[in-house]
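Try each task before reading its solution.

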Amino acid sequence: MASSRRLVLHLPAGSCLLFLLLFLCVEFGGGQKKKENLLAEKVEQLMEWSSRRSVIRMNGDKFRRFVKAPPRNYSVIVMFTALQPQRQCSVCRQANEEYQVLANSWRYSSAFSNKLFFTIVDYDEGADVFQQLNMNSAPTFMHFPPKGKPKRADTFDLQRIGFAAEQLAKWIADRTDVHIRVFRPPNYSGTIALALLVSLVGGLLYLRRNNLEFIYNKTGWAMAALCVVFAMTSGQMWNHIRGPPYAHKNPQNGQVSYIHGSSQAQFVAESHIILLLNAAITMGMVLLNEAATSKGDVGKRRIICLVGLGLVVFFFSFLLSIFRSKYHGYPYSFLIK
């Protein structure tokens, strides 16, 4: 009798527990299904936008919904930029061209899927996003993984690597395991320029066919060789391989930097400055040699010597100053610090 009474007393508690478990299972299943439906809607919307254009433009609301908010099972590459003319960001336009090449290569490749999307946030359309991410420079490339927050490596090192589409594709492969083969539209400007150069040289040789002594002009060949040396020692080949920006403009104060602050990178404008400095120093050395070896008027030779010495001293000091600004801790300077 006592055992029967205890059983009757325990039945309501067991029923409540069973009901609670059933309720939790239904709620969990409903919530899971709701997440799956929301994810499917987001992927479907992104795929629809991608079918219209390879790079999806986003404002603050779209960014928070499709990039930041869960659920997500896809990676998003975001280019933060400032393309409006009043921003005067030439680097942004150049980087955007490479970004479009990369996005088109992915969109029209056989490996295209819904696991990776390319988007862009312009400062004038999503200033709140820049503030939310504490971002004060453009352009910037970031990878937002399917799960978790972006890590340090998910921000592309544009200053050191440049923004060439091939470099971006390599970075994306490291972060997402998605390999993109970059396809560029045909560019015949190099072929046309070479054909024009060959035609010009051929025409010049034809017109001077009866007098080709200028071919043996040592000064002309020396000038041509110096031009090649100046181009190579100033970093033109590095620019061609890495594709760095011409200069960097700070969007906060509008200050333009032509010299990169790191020894691991450079701007295109920086290579032009180095080329001119090397040329000026070489000109100074040529004048010094001319003053020492010529047999002209002594006063004229003295003036040439002073001009050559001034060129060498001033521009070498300038070159050494740039070297110090890039290699921090370098102890030596001359005239200009």
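Two aromatic rings count as a pair if their centres lie within 6.5 Å; planes under 30 degrees apart count as stacked, over 60 as edge-to-face and the rest as tilted. By that rule, this predicted model holds 13 aromatic pairs.

**Exercise 1. Classify a ring pair**

Task: Find the rings of Tyr 99 and Phe 118, and work out which kind of pair they form.

Solution: Start with the distance: the ring centres of Tyr 99 and Phe 118 are 5.7 Å apart. Next take the angle: the planes stand at 70°, so the pair is edge-to-face. Now place the partners in the chain. Tyr 99 belongs to helix α3 (residues 90–107) and Phe 118 to strand β3 (residues 116–122), so the pair links parts of the chain that are 19 residues apart.

**Exercise 2. Follow an arginine to a cavity**

Task: Which ring faces does Arg 107 lie over, and which residues line the largest cavity?

Solution: Begin with the arginine. Arg 107 lies over the face of Tyr 108, at 5.3 Å from the ring centre, and over the face of Phe 112, at 5.0 Å from the ring centre. Then turn to the cavity. The structure holds one cavity of 30 Å³ or more, and about 40 Å³ of space lies in the largest cavity. Arg 107 and Phe 112 are among its lining residues, together with Ser 50, Ser 54, Ala 103, Trp 106, Leu 116, Phe 117 and Phe 118. Sorting this lining by type gives six nonpolar residues, two polar and one charged. By element, α3 and β3 each supply at least two of the lining residues.

**Exercise 3. Inspect the backbone**

Task: Where are the cis peptide bonds at Pro 71 and Pro 139, and where are the positive phi values of Asn 134 and Asp 177?

Solution: Take the prolines first. A cis bond with omega of about 0° joins Pro 70 and Pro 71, and Pro 71 lies in the loop between α2 (60–68) and β2 (75–81). The bond from Ala 138 to Pro 139 is cis too, with omega near 0°; Pro 139 is in the loop between α4 (127–132) and β4.

Now the phi angles. Asn 134, found in the loop between α4 and β4, has phi near 55°. Asp 177, in the loop between α6 (165–176) and α7 (189–207), has phi near 65°. Relative accessibility is 68% for Asn 134, so Asn 134 counts as exposed; at 64%, Asp 177 counts as exposed as well.

How values were computed. Residues numbered from 1 in each chain as written. Predicted model: local features only at pLDDT ≥ 70, side-chain atom pairs only at ≥ 80, totals over all residues. Heavy atoms only, no water. Phe/Tyr/Trp six-rings, centres within 6.5 Å; stacked < 30°, edge-to-face > 60°. Helix = DSSP H or I, 4+ residues; strand = E, 2+ residues; numbered from the N terminus. Lys NZ or Arg CZ within 6 Å of the ring centre and 35° of its normal. 1 Å grid on protein atoms, 1.4 Å probe; cavity = no way out; pocket = protein on both sides within 12 Å on 5 of 7 lines; lining within 4 Å. Points joined across faces, edges and corners; volume = space filled by probe spheres on them. Nonpolar A, V, L, I, M, F, W, Y, C, P; charged D, E, K, R; others polar. Buried < 20%, exposed > 50% of the residue type's maximum accessible area, 1.4 Å probe, protein only.
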